[in-house]
Amino acid sequence: LPISGLLSMIKRIPLTNIIGDNGNAYFSMAFDTYTFFFLFCGYAAPAVVAKMTSARCSKGQFRNTRRVWNVSMALTLGGGLLCTLLMLFLSDFLAGSIYGEPLSAVAMKILSINIVLASVLGLYRGFFQGMGTMVPTSVSRFLEEVLCLAVMLIAAGNMGEYGAKVGALLQNRNYEQAFGAAGGVLGLTIGSAVPLLFLLVVFAMFQSSFRKKERKDMGKGTESYRRIVRILVLSTLPVVLIALVTQGSVIVDQIMFLKLSPTSRDTITQWGVFSGKYRILANMPGVVITAVCASLVPAISVSNASMNIGRLKDKAQMLIRLSVLLALPAAVFFAVMADTLIPALFKVGEMELAAKLLRIGSIAIVFQALSMALSGVLQGLERERNVLINSFISFCVHVITLYVLIGKVKMDITGVVVAVIVLFALLFILNLVSIQRRLALRIDWGRMIGIPVISAGVSGVVIFLINRLLTEKISSGVMSWICFLVGTLIYIALILALHGISERELKEIPGGEIIIFLGKAFRLM
């Protein structure tokens, strides 16, 4: 999952170099609209179906498992088709009247097909995970990423060339970027269609053995379809509502920025820089942090269920400490290396603006990581209601901040970044207050915050000096790698030497054993 998440972001870099900043804006309009509709029909399906399937299979209730599958497929397929049709027929209206960019409708119409494909694909993955196997999911994800990347780059180039010819006839250069973005989203659609066919074949092969298990069903009672529907809806609703509040802010940001910005500004290019350069890089640490911390959330749930308050507090503090340890060096690296990193990754479009956004928005990485970690703690405590309320309050303040900065102060795209910082900072504070009311954590601020800040600060100074001294002698790409490796080594060495994390804590996280081995080898712990 983390590798897949990172790849989905990394492949946007070569795409950006093909379609440019304007193309990125069109791509973002289509993708963010797709994400909004997808939340209603497919976002929560994999996790919910996996949980319900696993619960029944573990008890030998294979008839009920079949019923869960039937209900899930009916709801997902029906919802997916409805959302696909809505996005397809509303594309021209959304592109022209809401976003103010009619050319983005081309990409929207192509991507609308992916709503039903991705929803059903996620459902199959959730079913197989619930049955206790990750092989079909892993293979399908590999196919998805490879095909998506290949088709995305080939189609973006070819359709961009076609768009350039159309644009030449109509005397509108934006057709090239719009059709290039459409080629990019075509990669997403093909990337879902082929893995879905693969899982359909695997599912068909699996049916004979599953029917044998149904005939030997140990379950005494058969669940009614009404009960299963109710469980599915109640399990899905909190996840969807939280996602709507947290992820829906992207669409609101996009609409407000495009509508409130003065017409004299090149708003489409600015939004392309924000969505295709800044946001891609700023979200990468979050994917890694979520993956590393994911293993601790079930442990919090178990401790909460068993009322083991001591272990519950330990796990909650560990989750917060890990998010700080991972987010701070990433934020420092982006802030220090922005002017070198952006040209190393991107070859076209605005570079100075992208670097400026990355420097300013680097602090958002820390607040985002902390708010995500604390949301995980609250979910482990079965306090989804607190997460929803805190997210909604933060979202409202974020919208007000954005309106003031863009509509009244007349800031450029930087105002969106500042509003995002406000969103995650407030969400972090509210989540922390909610947790303290439940657990009353005694946080060692020196060890949890002080040591990571010192370690990240020292590593930041070192890579800043290396970058300044060698920037004219080494290419930006090589320089970025050198500074990343040097900064990482210095940061880890200082964290271990200053006892920012213990050996016991390292054993609980993925890859911790390697750090323990290296730390002992170099006598740092």
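A salt bridge is a side-chain nitrogen of Lys or Arg within 4 Å of a carboxyl oxygen of Asp or Glu. By this criterion, the structure, which is a predicted model, holds 9 salt bridges.

View 1. Asp-21 is paired with Lys-277 in a salt bridge, and the closest N and O atoms of the two residues lie 3.1 Å apart. Asp-21 belongs to helix H2 (residues 12-41), whereas Lys-277 belongs to helix H9 (residues 267-293). The pair thus joins distant parts of the chain, its members being 256 residues apart. Side chains of opposite charge can pair when their charged atoms come close.

**View 2. The kink in helix H4.** Helix H4 spans residues 62-98 and contains a kink of about 55 degrees. The kink is centred on Leu-90. After H4 comes Gly-100, which has a positive phi, near 75 degrees.

**View 3. The packing of helices H3 and H5.** Helix H3 (residues 45-57) packs with helix H5 (residues 105-130) at an angle of about 30 degrees, and their axes are 7 Å apart. Because angles under 35 degrees count as roughly parallel, H3 and H5 are described as roughly parallel to each other. Their crossing is right-handed. On the H3 side, the contact includes Ala-45, Pro-46, Val-49 and Ala-50; the residues that H5 contributes include Gly-122, Leu-123, Gly-126 and Phe-127. Classified by residue type, the contact of H3 with H5 comprises 6 nonpolar and 6 polar residues, with no charged residues.

**View 4. The packing of helices H11 and H12.** Helix H11 (residues 309-345) and H12 pack at an angle of about 170 degrees, their axes being 8 Å apart. Angles over 145 degrees count as roughly antiparallel, and H11 and H12 are therefore roughly antiparallel to each other. The contact of H11 with H12 is made up of 23 nonpolar, 3 polar and 2 charged residues.

**View 5. The crossing of helices H12 and H13.** The axes of helix H12 (residues 352-380) and helix H13 (residues 384-408) cross at roughly 145 degrees and come within 7 Å. Ser-375, Leu-378 and Gln-379 of H12 meet Glu-384, Asn-386, Val-387 and Asn-390 of H13. By class, 2 residues of this contact are nonpolar, 4 are polar and 1 is charged.

Definitions and conventions:
Residues numbered from 1 in each chain as written. Predicted model: local features only at pLDDT ≥ 70, side-chain atom pairs only at ≥ 80, totals over all residues. Heavy atoms only, no water. Bend = angle between axes of the 7 residues up to and from the residue. Helix = DSSP H or I, 4+ residues; strand = E, 2+ residues; numbered from the N terminus. Axes fitted to C-alpha atoms, helices over the stretch in contact; angles between N-to-C directions. Parallel < 35°, antiparallel > 145°, perpendicular 65-115°, else oblique. Left-handed = near helix turned anticlockwise from the far one by under 90°. Contact = heavy atoms within 4.5 Å. Nonpolar A, V, L, I, M, F, W, Y, C, P; charged D, E, K, R; others polar.
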